[in-house]
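Trainee: I am new to this one. Please take me through it step by step.

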Amino acid sequence: MSPNLDSAVQTQMAVALLNGSINSEYHGNNKAEGKAKGKRRIFVQTDTGCVLGLDLDRRDNAHTVKRRLQLALNVPTDESSLTFGDLVLNNDLSAVRTDSPLLLMRNFMHRSSSTPCLSPTGRDLQQRDQSGVIEILGRSGSFVRMKPLVKDIVKAIKNGVDPIPVYSGLGGAYYFRNKVGENVAIVKPTDEEPFAPNNPKGFIGKSLGQPGLKRSVRVGETGFREVAAYLLDYDHFANVPPTALVKITHSIFNINDNVNCKKANERKTVSKIASCQQFIRHDFDASDHGTSNFPVSDVHRIGILDVRIFNTDRHAGNLLVRKLDGVGAFGQVELVPIDHGLCLPENLEDPYFEWIHWPQASIPFTEDELEYIANLDPVKDSEMLRIELPMIREACIRVLFVSTIFLKEAAAFGLCLGEIGEMMSREFRSRDEEPSELELICMEARRLTLEKELVLSTKELVLSTPDSEVVDEDEYQFDIDEEETESAPKIADDSIVKETFHVGLRGWPGWNPLSKLEESIEEDGSEEGEEPAQPASATGLTTQPSLVRTFSKLSMSLKNATSGEKNPWFQGARLEGTMSGQSSGNRSANEQLPGSGSFVTFADMNDEEWGMFLEKFQELLYPAFASRKSDGVGQKQRQRLGTSCQF
């Protein structure tokens, strides 16, 4: 039975347990001053959206955190798990950093009329959690621009200027204003996203942590992706507005009756974790006018960011347009990208790039843009995200890694932005999705990695068997090389230095290998005429000209393998439900949005496999680029879905 928090003794216990929270207006760098050494402040969110700020010391563990939540929020914790990104916290909390958001999830995700009420009872929640109105989660110097904004919002709220809800889009969002009533920030609570328990627009039905609007973006995890896009926009290159993850407290937020047992006419102050982004004053968005007058540099810079973060939802509605000179109906304008909650998926999805067929995307990169791309470092990016957003999943970081390498190599080869976007996008034939050229490269790289692992394990087994005959090393290596030549492109010159990136893994299973590929790849004979000169890749990798023809055959073989009705690995990629452009009515979100299968995942590879995969992946990039150029694939108009969902 849940504890009776109306009793004076238990209420005092809850207050004592949760006392020590800060009373500052916002979460600044001075918050930790005066605390005992080893103190950490964390934020725990239940799977229904309630958030509590807690101060931990070295004696605390997952069990003590659960007991505090049970006392303060009347939450059943016996059949629940405390999670931190990929990590399930069974007891030890040493991996949890200061200001980190944790998630308390029920192990059995069923609901019934007997489900305990998950809202605070007895005294109001804010009498126990003495947090400020807004607290920034994280202390990065990148959030310095957000602190004056947070101060303005807090002063406005104290002066009686309340936020107002945003009625467009599928998720809950709110304009927060300054003391004169001007919109200065847009706040999106994690528990009001599409599918989330407290979504105010009827798109509910899932708990936090389950697959959401995109299958590889979980419910409640779009907020830190908004922050990741801002952090990855080095030097404000793409003009992403300042964004931070915050714990924010107000009575404007939505609480669905069937989740938290609140009456429809009763509004109480509630704390939530949300993304907070500076509001950008603009004249219209990119869907209101033609695109011909958009600056080439703005389109290129936004496209470079979208490719890096593998944005699956770049439509005209989330490209704001600001007039700079005020001349006529258009004049000089500036593009501002917003809404990055569906970037960095856990698997390679089908990205949506509105700019693919814009004329600006066909113009070559400038020297400054090429220099910016060349200086991108996926290792540095990965480490930065692990520090600033420790809850981010390792699979998302690996997608960033692959897309960044792909961008660097493609730009160094000479591809334009439109060609790069086309190679990352899927085609639709007979209402089925086919893997993109990037996915084909990844599938072949994974196949070669598995083959190499098999050969190495076989060699170790032979050498470790006592009764086996001594194998000549040179003869064995020759057999390996001959086998690889028959099945896939191989670099002939062993003296070439291959730059390979390595990252850690906290993975989970999920990758489905191809059952069979057509074994029709053969080396072509020498053709008449001289081969064109081969440029060096961005990572110092060169490839034989014959591999260009080999990869062209490989690509056709893979596409033939994926187009058959009997292939079980690609049946999940067919469109499901209705198109997103139809009227929603009273249907659930599951019925409105088409599904998208995953041809490629990275999370199941260990560190060694990940390193081998990246090496093979880089080896296949140049022949793929050259094959595209020689076959004129870039001139073909691709069949794609007409719209992306607005979020």
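Mentor: Accessible areas come from the Shrake-Rupley method with a 1.4 Å probe. Keep in mind that this is a predicted model.

Trainee: What does the accessible surface of the chain come to?

Mentor: Carbon and sulfur atoms hold 49% of the accessible surface.

Trainee: How many helices and strands does the chain have?

Mentor: The chain has 647 residues, and 55% of them are buried. Among contacts between residues at least 6 apart in sequence, 74% join residues at least 24 apart. The secondary structure comes to 14 helices and 20 strands.

Trainee: Which residues does Leu344 touch, not counting residues up to four places away in sequence?

Mentor: Beyond four places in sequence, Leu344 touches Arg225, Ala228, Ile309, Phe310, Leu385, Ile392, Cys396 and Leu400.

Trainee: In the open sheet of 5 strands, which are the edge strands?

Mentor: This sheet has mixed pairing and the order S2-S1-S5-S3-S4. S1 (residues 40-46) and S2 run antiparallel, joined by 6 bridges, and Gln45 stands opposite Val51 in S2. Each edge strand pairs on one side only, and these are S2 (51-56) and S4 (87-88).

Trainee: At about what angle to S2 does helix H2 run?

Mentor: Helix H2 covers residues 62-73. H2 lies across S1, S2, S3 (80-84) and S5 (101-106). Relative to S2, helix H2 runs at about 135 degrees.

Trainee: Is Val96 buried or exposed?

Mentor: Val96 is found in the loop between S4 and S5. Its contacts beyond four places in sequence are Arg40, Ile42, Phe84, Leu89 and Leu102. The cut-off for buried is under 20% relative accessible area. Because its relative accessibility is 2%, Val96 counts as buried.

Trainee: How far apart in space are Val96 and Arg40, C-alpha to C-alpha?

Mentor: In sequence, Val96 and Arg40 are 56 residues apart. In space, the C-alpha to C-alpha distance is 8.8 Å.

Trainee: Which residue in S15 stands opposite Phe284?

Mentor: S15 belongs to an open sheet of 3 strands with antiparallel pairing, in the order S14-S15-S16. Strand S15 (residues 319-323) is joined to S14 by 2 bridges. The residue opposite Phe284 is Val321.

Trainee: Which helix packs on that sheet?

Mentor: The helix touches S15 and S16, and its direction makes about 10 degrees with that of S16. It spans residues 296-308 and is helix H6.

Trainee: What is the mean pLDDT of the chain?

Mentor: Over residues 561-595 the pLDDT stays under 50, although the model has 66 contacts there beyond four places in sequence. Where pLDDT is low, the predicted coordinates should not be read in detail. Across the chain, 65% of residues reach 70 or more, and the mean pLDDT is 74.

Technical notes. Residues are numbered from 1 along each chain as its sequence is written. This is a predicted model: local features need pLDDT of at least 70, side-chain atom pairs count only at pLDDT 80 or more; totals for chains, interfaces and linings use all residues. Side-chain values use heavy atoms; hydrogens and water are left out. Contact means heavy atoms within 4.5 Å. Two strands pair if DSSP finds at least two bridges between them. Helices (H or I, at least four residues) and strands (E, at least two) are DSSP runs, numbered from the N terminus. Axes are lines fitted to C-alpha atoms, for helices over the stretch in contact, and angles run from 0 to 180 degrees between N-to-C directions. Buried means under 20% relative accessible area, exposed over 50%, partly exposed in between (1.4 Å probe, protein chains only). pLDDT is the predictor's confidence in each residue, from 0 to 100.
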